[in-house]
Amino acid sequence: GDYEFYQQQRAITEVQQQAQFERQQAMLAKEVAFIERFKARASHAAQVQSRVKKLDKIERVEPPKRQQTVRFEFQPAPRSGEDVATLKGVSKSYGQRRIYDSLDFQVRRRERWCVMGVNGAGKSTLLKLVAGASEPDTGTVSRGPSVKMGYFAQHAMELLEGDHSVLQSLENSFPQSGQAPLRALAGCFGFHGDEVEKKCRVLSGGEKARLVMAKMLFDPPNFLVLDEPTNHLDIATKQMLIEALSKYEGAMLFVSHDRHFLAALSNRVLELTEDGIQTYGGGYTEYVERTGQEAPGLRS
């Protein structure tokens, strides 16, 4: 996948940069030794002066920066009951277009459903229905009484207060937490040092996504509904998220076009087809083995 390629390329670049750095250090040491040895001799004054000037002009090669390993450890999510979300007889249309007709579907504790289908099949609509962001035309959507849900969708990034800094945004969400844990949280999601003072309005799409994700996961829900969570994330943050979610004990329902994310995190597949829904036990990798096909619109 692209993360493995990224790691390989990064490792190659680091080795090359380290070798270049060491070569230059050896050359500099040689020049400095010459200057020290002959600086008191009048016969070598011109050569010494020339080498001093040369040293001043040389652009120094930096040693490779060690990649900051980004890690986020979940606090344990509160345990939910067995039935997390239940859809019964759900129908949903947009104008003349029928998306769902008498849909029955259930998410149970510790199930991680990835939702697949072509564009327009109703993936985001399903997540909205489950999250309560959209109402069914008919039928019922219910969540278990002890379910605490976290819903990530692209619109969540628009809800950030533009005048607030990253740190203020976190402090507003978690007023009981001190600055130290919130700065550590921000660091896990790629906001290091002074970057926590950046105003939300100047954040890139990826930075906004990271901030929204940080807020959602700091006080973890036991049911995550995620619509394209890796869309704006860089590879290192995406990998951190996958590692964190792989240890997550709650239920998940998510849409992703990222092969690595799908393969690493799903243990159930819900496929939306023209003939209705198909469900598969086992995760995305098993789905591919069984059907011989990948998810539509997949990115590596």
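1. Arginine 41 is partly exposed, at a relative accessible area of 42%; the classes used here are buried for under 20% relative accessible area, exposed for over 50% and partly exposed in between, with a 1.4 Å probe and protein chains only. The residue sits in the loop that joins helix H1 (2–38) to helix H2 (45–57). Helices (H or I, at least four residues) and strands (E, at least two) are DSSP runs, numbered from the N terminus. Arginine 41 and arginine 60 are 19 residues apart along the chain, and 28 Å separates their C-alpha atoms.

2. On the basis of the values: this is a predicted model, in which local features need pLDDT of at least 70 and side-chain atom pairs count only at pLDDT 80 or more, while totals for chains, interfaces and linings use all residues. Residues are numbered from 1 along each chain as its sequence is written, and side-chain values use heavy atoms, with hydrogens and water left out.

3. Overall form. The protein has a radius of gyration of 27 Å, whereas a compact globule of 300 residues would have one near 19 Å; the radius is taken over C-alpha atoms, and the globule rule is 2.2 Å times the number of residues to the power 0.38. The C-alpha trace spans about 100 × 50 × 35 Å along the principal axes. The secondary structure consists of nine helices and nine strands.

4. Of the 300 residues, 44% count as buried. Among contacts with a separation of 6 or more, 68% are between residues 24 or more positions apart, a contact being heavy atoms within 4.5 Å. The accessible surface is about 16,100 Å², and carbon and sulfur atoms hold 48% of that area; these areas come from the Shrake-Rupley method with a 1.4 Å probe, and for residues only the protein chains shown count as cover.

5. Charge. There are 40 positive and 38 negative side chains, and the centres of the two sets are 7 Å apart. Lys and Arg count as positive and Asp and Glu as negative, without His and the chain ends; each charge is placed at NZ of Lys, CZ of Arg, CG of Asp or CD of Glu.

6. Helix H1 also holds glutamate 22. At 46% relative accessibility, glutamate 22 is partly exposed.

7. Aromatic pairs. The whole structure contains six aromatic pairs. The ring centres of phenylalanine 105 and tryptophan 113 are 5.0 Å apart and their planes stand at 80°, so this pair is edge-to-face. Rings of Phe, Tyr and Trp (its six-membered ring) pair if their centres lie within 6.5 Å; planes under 30 degrees apart are stacked, over 60 edge-to-face and the rest tilted. Phenylalanine 105 is buried at 6% relative accessible area, and tryptophan 113 is buried at 7%. Ring pairs also join Tyr280, Tyr284 and Tyr287 into a cluster.

8. Arginine 110, in the loop between strand E2 (97–108) and strand E3 (112–116), has a phi near 70°, positive although the residue is not glycine. Its relative accessible area of 42% makes arginine 110 partly exposed. Glutamate 228, in the loop between strand E6 (223–227) and helix H7 (235–246), has a positive phi near 50° and is likewise a residue other than glycine. Glutamate 228 counts as buried, at 10% relative accessibility.

9. Helix H5 (residues 179–188) has Leu182, Leu185, Ala186, Gly187 and Cys188 as its buried residues. Their cover includes helix H4 (166–173), helix H6 (205–218) and H7. Just after H5, glycine 190 has a positive phi of about 90°.

10. Glutamate 207 lies in helix H6 and is buried, with a relative accessible area of 12%. Leaving aside residues up to four places away in sequence, glutamate 207 touches Phe191, Lys198 and Val202. Glutamate 207 and aspartate 234 are 27 residues apart in sequence, with 9.5 Å from C-alpha to C-alpha.
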